[in-house]
Amino acid sequence: MYKVRSFVSGEWTQSDSNPIPLLNPSTEEVIGHVYPDGVDAEAALRFAREVGGPTLRGMTFAERGQLLLDLSSVIHGSREELFELAELNGGNTRKDAKFDVDGAWQTLAYYGNSAADMGDNKYLVDGDDEPLGRNPRWCGRHVWMPRHGVALHVNAFNFPAWGFAEKAATALLAGVPVVTKPATSTCLVAHRITELFVESGKLPAGVFSLVAGGGRDLMDHLDPQDVVAFTGGSDTARHFRSNPGVVEKNVRLTIEADSLNAAVAGPDVGDNEDLFTQFVTDVFRDMTQKAGQKCTAIRRILVPTDLVEDVREALLEMLGTIRTGDPRTDGVSMGPVVSKRQQDDVLGGIARLRESGLRQLSGVDAPGSRPGVPDGKGFFVEPSLFEAEHWNHDAVHQGEIFGPVSTILPYDGSAEDIVKAIKLGGGGLVTSVYSDDRKFVQGCVEGGAPFLGRMYLCSSKVRDLGAGPGTVLPMMIHGGPGRAGGGEELGGMRGLHHYMQRTALQGYRPLLERLFSGA
Ligand code: NAP
């Protein structure tokens, strides 16, 4: 039985009260417990601020980068063990687990390596000096300095490894200590990574803390220099935004929430076998990878009316190969969703789509039995493909169903329809467009980009060079406006700014040059 406790104020909590059972979502077996008690949130945040903060701010970018490389190696060295935990506690297939765990160490390594070029500096200078008058001695300069607070990271259940690493990489490199709170249902992986970090001896005191389970009062003890990065549902996001402490102290908050991502087959895809194959392959992967529990997964499949039949047939053939079951069993290609709550949410969403008049093409019948799963157990949802008569079908654009669910939406082949559909999403993380028709692509980008965090433009020339629209890369920003939360993470060095304060300095040019000669 696993025992999951918090690592705060430089030590592991000891309380055995109020245990929360941790389940294997494939079998519903209890595999351990999370012990939420024993965390003094105020003291934990203060310790990070007062002990971890000065340590990090005293380090150069190169030293902080080395810390990230060390932590990356720690995760890399225990990949196999972490894959097994992700299979056990997250219902991940091995491929799903790799996507999460490898994404974690790779993101830490990306930022660690980037820091090598930043050398012995501790701050960032923003742009060129600004002349402020006739006399060149009087000038202005903008600098980014690490905030003197703590980075509170609250993560969703779907990426227990990558989710915390992508946030921690930018905060630590910026010079701000991290308190991370994984979602309780899948926290085994984040907990083990923290144990590995602590055991490695690479972690300076106060630089990294883990709050497992609970953490409900963390938001009540924040200071104006603190920064919150949240990933999760929009209801929880609303609760965070309206926290009186956050509102009164103007605590900086970034939110990654829901998103109705779309994949668009351009008007020319029917005549281009390679692009057609890439399109349906990417849609299939996004529907089934991590059982559709990906913030970037494709929920809306926009297809020119005359291509709908071909896309339907191709997707149904691919989805027909999916075998749900315990991912630790041979032949299983998709695991369960992570919890009963999640299963109820997704099945509720499927029922709503059906009631709205959509045609359900797959996932209507559950298989009689599933490999490795006791009868009637497990939080499974079969891949459920829907089809609308027209792209403008209301229910599809109203809310995200966070599971293996997607809808084919016929449109007339024009960029105008695509832009309207993108807008109906209310702001999203990513839309992918598959086309060699430059005018069509330009129309989609010009009309759609302001409503999206990212656009993935797949054409014949680059068809097989990308990892698909669902993969978030550390050098590109992740986040989106409106429904997606309005946040922005990663994006190379842009990601550090969230944890730093930009200050305008006006003064004697040689003094500014001396103060920030190394920055
Ligand atoms: P959630 O229920 O909103 O929970 C997210 C996190 O918030 C969890 O760690 C949860 O902890 C914590 N939390 C909830 N209430 C809290 C409170 N009052 N105080 C402190 N922490 C609190 O979301 P989820 O079910 O884990 O994740 C699914 C959602 O995340 C989906 O809607 C999906 O769209 C979104 N998501 C977005 C992105 C993105 O990058 N945009 C990525 C992944 C997921 P507990 O587990 O302890 O309740």
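Which of the residues around the ligand come nearest?

Modeller: This is a predicted model, in which local features need pLDDT of at least 70 and side-chain atom pairs count only at pLDDT 80 or more, while totals for chains, interfaces and linings use all residues. Residues are numbered from 1 along each chain as its sequence is written, and side-chain values use heavy atoms, with hydrogens and water left out.

There are 27 residues around the ligand, and Asn155, Thr184, Arg216, Thr236 and Glu400 come nearest. A residue counts as near if one of its heavy atoms lies within 4 Å of the molecule.

By class, this shell holds 11 nonpolar, 10 polar and 6 charged residues; Gly counts as polar here, and Asp, Glu, Lys and Arg count as charged. Domain 1 (2-257 + 489-515) and domain 2 (262-484) each give the shell at least three residues, with bounds from an automatic or database domain assignment. Strand S11 (227-231) and helix H7 (234-241) each supply at least two, and H7 gives the most, with 3 residues. Helices (H or I, at least four residues) and strands (E, at least two) are DSSP runs, numbered from the N terminus.

A polar side-chain atom of His478 lies 2.9 Å from a ligand oxygen. On the backbone, a polar atom of Gly233 is 2.9 Å from an oxygen of the ligand, and an N or O atom of Phe157 is 3.2 Å from a ligand oxygen. Taken alone, the ligand exposes 910 Å², of which the protein buries 89%; these areas come from the Shrake-Rupley method with a 1.4 Å probe.

Note on methods. Polar contact = N/O pair within 3.5 Å; in protein donor to acceptor, adjacent residues only side chain to side chain.
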